[in-house]
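Work through the exercises below with the sequence and the 3D structure at hand. Try each task before reading its solution.

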Amino acid sequence: MSLQIALARMAELQQMFALPAVAQPPATSTQTFASTMQTTAATGAMTPLTSASPAGTPAGQAILNAVRPEVGVAEQPPGSNDSPRIAQYRQATAGSGVGPWCAYFASWAARQAGVPLGDSGQGFGRVDDVFAWAQKTGKALPAGSTPAPGDLIVWDEHIGIVESVDPDGSIHTIEGNSSDKVSQRTYGSDGGGAVGYVRLG
């Protein structure tokens, strides 16, 4: 077969498999990208993107940057409320001794992020004190609110940090003193009965 015959045969095959052309509306020089997007969205040809959770604050992101590497830090020995690293968390609170340390951890994280807890940045050893301060200073969000990444999540006697929120409302956290270590947990949209949240920064 000669080259000319091969090329002719290829052209025939291309015509057989060619799809019909789809007419495109002429673009006008005055049409902007924004108006094109509005038209597309209005006609239902485009589904707007949704976020799994509201954007966190810069302070919230800094808190997450501090706590993520801490996941797995554990009490030594288990059940002691202590270890060399947990002792460092305690230093973020004024006058706190060895004891339940979830609020120490939250205070440490906030201090690491440059948004220390307390009027004088003294941190808190008790969960109740964290939430009372947040309410007094306008940083508290009530139960039923949608938290953002980096917000503190508060229960009656425990506190943690919101890591993310899923589209279905599930809340992922990082918590100190959860099963004697820094743990990641997941709750339903009610935050496992959370009494509220604290947004810093």
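The model is predicted, with local features needing pLDDT of at least 70 and side-chain atom pairs pLDDT 80 or more, while totals for chains, interfaces and linings use all residues. Residues are numbered from 1 along each chain as its sequence is written, and side-chain values use heavy atoms, without hydrogens and water.

**Exercise 1. The chain**

Task: State how many helices and strands the chain has, and in what order they run.

Solution: 
- Step 1. Helices (H or I, at least four residues) and strands (E, at least two) are DSSP runs, numbered from the N terminus.
- Step 2. Six helices and six strands are found in the chain.
- Step 3. From the N terminus on, the order is α-α-α-α-α-α-β-β-β-β-β-β.
- Step 4. Buried residues (under 20% relative accessible area, with exposed over 50% and partly exposed in between; 1.4 Å probe, protein chains only) make up 37% of the 201 residues.

**Exercise 2. The core**

Task: Which residues touch the most other members of the largest nonpolar core, and which element gives the largest share?

Solution: 
- Step 1. A nonpolar core is a set of buried Ala, Val, Leu, Ile, Met, Phe, Trp, Tyr and Cys residues joined through side-chain atoms within 4.5 Å.
- Step 2. The largest one has 35 residues, and Val 67, Tyr 89, Phe 105, Leu 152, Ile 159 and Leu 200 touch the most other members.
- Step 3. Elements that supply at least two residues each include helix H3 (58-67), helix H5 (102-112) and strand E2 (152-154). The largest share, eight residues, is from H5.
- Step 4. Another core, of seven residues, lies apart from this one; Trp 155 and Val 162 are among them.
- Step 5. Strand E3 is mostly covered, with six of its seven residues buried.

**Exercise 3. One residue**

Task: Is Ser 107 buried or exposed, and what does Ser 107 touch?

Solution: 
- Step 1. Ser 107 is placed in helix H5.
- Step 2. Ser 107 has a relative accessible area of 1%, so it is buried.
- Step 3. With contact meaning heavy atoms within 4.5 Å, and residues up to four places away in sequence not counted, Ser 107 touches Ala 92, Thr 93, Leu 117, Gly 123 and Phe 124.

**Exercise 4. The lining of a pocket**

Task: Say which helices each supply at least two residues of the lining of the largest pocket.

Solution: 
- Step 1. On a 1 Å grid over the protein atoms alone, a pocket is an open set of points where a 1.4 Å probe fits, with protein on both sides within 12 Å along at least five of seven lines; lining residues have an atom within 4 Å of a point.
- Step 2. The lining includes Cys 102, Ala 103, Val 127 and Asp 128.
- Step 3. H5 and H6 each supply at least two lining residues.
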